[in-house]
Amino acid sequence: MNNIIEVRGLSKEFKSLKREPSLKSYIKTLFSRNYETKKALDNVNLEIKEGEFIGIIGPNGAGKSTLIKVLTGILTPTSGEAKILGMIPYKQRQKYTKNIGVIFGQRTQLWWDLPAKDSFELLKYIFKIPENIYKENLERFTKLLELDKYLATPVRKLSLGERMRCDLAASLLHNPKIIYLDEPTIGLDVEAKYRVREFLKELNKKGVTIILTTHDMGDIEELCPRIAIIDKGKKIFDGSINEIKKKFRRERILIIDFHDSVDKDKLNFDGVKILEVKENRVKLEIDTEKTSVSDIAKKIFSKYAIHDISIEEPEIEELIREIYRKGI
Amino acid sequence: MYKEIAITSFKEEVIYRVEFLVSLISYFARIVVLWFLWNAIFNAYGSETLKGFTLPMMITYVSISTILGVFSRSETEFYIEENVKTGFISVLLTKPMSYPLFYLFREIGTTGFKLLTRGLPIFLFSLIFLNIAFPSSPIFFISLILGFFINFFLILLTGLWSFWSSGNIWGIRFARNVISETLSGALIPIYLFPLWLKNISYALPFQAIYSTPLLIYIGQLSGSELFSALLIQIFWFALLGGLSFVVWKFAEKKTISYGG
C-alpha cells in the first residue's frame, strides 16, 4: 500500500528571548536582544501507510505536539517537508483540513454552552457534509459511543469522559481519511478509556489511518502495532512493541511453586540468577541471550514436582522509562 | 456554512438569561438617566434648540444611541485573546474555515440576537413613553450596517494584537473603548463639541460607527452632507476591512511559523 504520510528531514526551531533575571539584563533586552534557538524537531523522517495505527510517544517536551502540529497543518517546519494525502499541510491548510480529524485531548472543539448536537450540526456545514452521510455517521457514532443520553446536554455539564466521546464523534463526522489524536485518553476513567479505545479500533478496522500521541502505555499496548519514540526532537525508535521488548529486556522472570522445599544450589544453571527463595516459591531471572525459558523449565520439570509456574513479561512502562532515561 | 455560525452564536446567546435581564435593565437605566439629563440641560439653557437640536430630537438621538450600544459590547476581542492565551487557536485552525470570517459571523449572530432582545424592547419603550421618531430615511439602515462593519473591524484589529502581545490586549482595548465612547458621538452629539475636538473626532473612524447613522436617523444629515458622510463610512469600511485582512494574514503566518 502507498504511503499516505511522508515526512522527510523535518526540523523545527523555536527562538526564545534570552534574559538573565537581573534588572540590568531586563533593561538591556529593551535595546538589544539575544535569542537562543531550541530545536523542537530535529531531522525527523516518518512514513505512514494507509490504514496504519501508529503511536507516537516520548517524554514531556520531546517534540510530539510540535510534530502533530506540523502534520495537522498549523505549524510550518524550519526545514524539511511533510507531504500528506498529496498535499503540504501547512501550505494548503483549508483544503487539507477537510480530509483530517484532529483531537487535542486537553481541549474541546464543542461549543461550551450548547448541547453537543448543535456543534455537530455546525460542523456539518463547516465541512460541507452531505445530509445522508451526516445522518448515517451520527447514528453510527451515537450507537458505538453510546452518546444518546448526552447529545442534548450542554457540553459544560458533561463529564470529561462524556465530552471526549462527543469530541471524538465531532471530529469524525466528515469521514476523515486520517485522524490525529493528541493524548485522547488523558484524565479518563477506565470505562471511558475502554470505550474510546474500542471505538478507535473499530475505526481503524474500517481503514482510517490513526496517529496517536499518549503517555498511557495501555493505549500503546492495546492499540498500536507500531510506535515511534521521540526524544529531544529526534526519532529514536520506530517499530513494534515486541521489537522494543526484544531489544531492551533480555531477561525474563520465571516464578515456580514447588511441591516441596527445594535446594537452592541445585537450581544453578548457566544464564540463570536466583532472585528470591520464599518457602516453596522460587523467583528466577533468565537471560535469554544465554539460554531460553523453555530450556530451563524443561530441566526443572524433569527433576521436581511442580505446583504452579508463571512467567513475568517485562513491563512496557518500565522499558519505556528506561529508554527515556538512558536513550537507545 | 458561515450563516450557520451566526445561527449557532444566536442560539448560544439565548442560554444566558440572567445576563440578558441585567443588561436590559442597564440599557433602560441609561435611557432614563439621559432623558432627565437632556431635559435639565434644555431647561437651564432656556432655548428651543441647541446647535440645531430640539429636545425631542436629542431624546431620539440618545435612545437610538443606547440601542447601538450593543455594538460596543462585543466579545470578539475577548475570544481572540483567549484563543491566543490558551492555545485554542490550534483547534480553530484545524477546521476548513477562515478564522476572521468565523468571528465576523459570530458577531453577526450575537449582535442580531442583542438587537432583537435588547434593541427592540428599548425601541418600543422609547417609542411609547418618550415619543421618539422613526428613522427619517431608509438610508439609516445602510449607514447602520456600515457602522457595524467598521466597529467589527476595529474590534478585530484590537483582538488580533493578541498575536504579538502574547494575548495581552487590556491596555489597547481600554484605550479604544474610552475613545470610542467619547469621540464617536455615542454619548454627546459631535455637533456640540468645541471645534478642535470636533476635528479630532472627524479624523477618527469612531464617528462613522455611531454619529453618522444617528444623525441620519434624526434627519440632521441630508443632500450632499449625507452623501459625503456615507462616503466617509465607505472609506473607513474599505480601509479597516483591508487592514484587518492584512493583519490577519500576518497573524496567521506568525502562528503557523512560531506556534500558537
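This is a chat about the predicted two-chain model shown above.

Q: Before we start, how are the residues numbered and the chains lettered?
A: Residues are numbered from 1 along each chain as its sequence is written, while chains are lettered from A, and ligands numbered from 1, in the order in which they are written. As this is a predicted model, local features need pLDDT of at least 70 and side-chain atom pairs count only at pLDDT 80 or more, whereas totals for chains, interfaces and linings use all residues.

Q: Thanks! How many helices and strands does chain A have?
A: Chain A has 11 helices and 13 strands. Helices (H or I, at least four residues) and strands (E, at least two) are DSSP runs, numbered from the N terminus.

Q: And which strands make up the open sheet in chain A?
A: Six of them, in the order β5-β6-β7-β3-β8-β9, with mixed pairing. Two strands pair if DSSP finds at least two bridges between them. At the edges are β5 (100-104) and β9 (234-239) of chain A, each pairing on one side only.

Q: How does β5(A) run against β6(A)?
A: β5(A) and β6 (residues 178-182) of chain A run parallel, joined by five bridges. F104(A), for instance, has D182(A) of β6(A) as its bridge partner.

Q: Where's the hairpin with E279(A) in its turn?
A: That hairpin is formed by β11(A) and β12(A), with two residues between them, and E279(A) has a positive phi of about 50°. β11 (residues 272-278) and β12 (residues 281-287) of chain A are antiparallel over six bridges. Within this pair, E276(A) stands opposite K283(A).

Q: Switching to chain B, what's in there?
A: Chain B has 12 helices and two strands. Along the sequence the pattern is α-α-β-β-α-α-α-α-α-α-α-α-α-α.

Q: Which residues touch the most other members of the largest nonpolar core?
A: Y180(A), I210(A), I211(A) and I150(B), in a core of 125 residues. A nonpolar core is a set of buried Ala, Val, Leu, Ile, Met, Phe, Trp, Tyr and Cys residues joined through C-beta atoms within 7 Å. Helix α7 (residues 139-160) of chain B gives the most to this core, with 12 residues.

Q: What is I150(B) in contact with?
A: Beyond neighbours within four places in sequence, its contacts include P205(B), W236(B), F237(B) and L240(B). Contact means that the C-beta atoms, placed from the backbone, lie within 7 Å.

Q: Last topic: how many residues from each chain are in the contact between A and B?
A: There are 20 residues from chain B and 24 residues from chain A. On the chain B side, α1 (2-15), α5 (89-93) and α12 (223-258) each supply at least two residues.

How values were computed: Two residues are in contact if their C-beta atoms, placed from the backbone, lie within 7 Å. A residue is buried if 20 or more other C-beta atoms lie within 10 Å of its own, exposed if 12 or fewer, and partly exposed in between; C-beta atoms are placed from the backbone.
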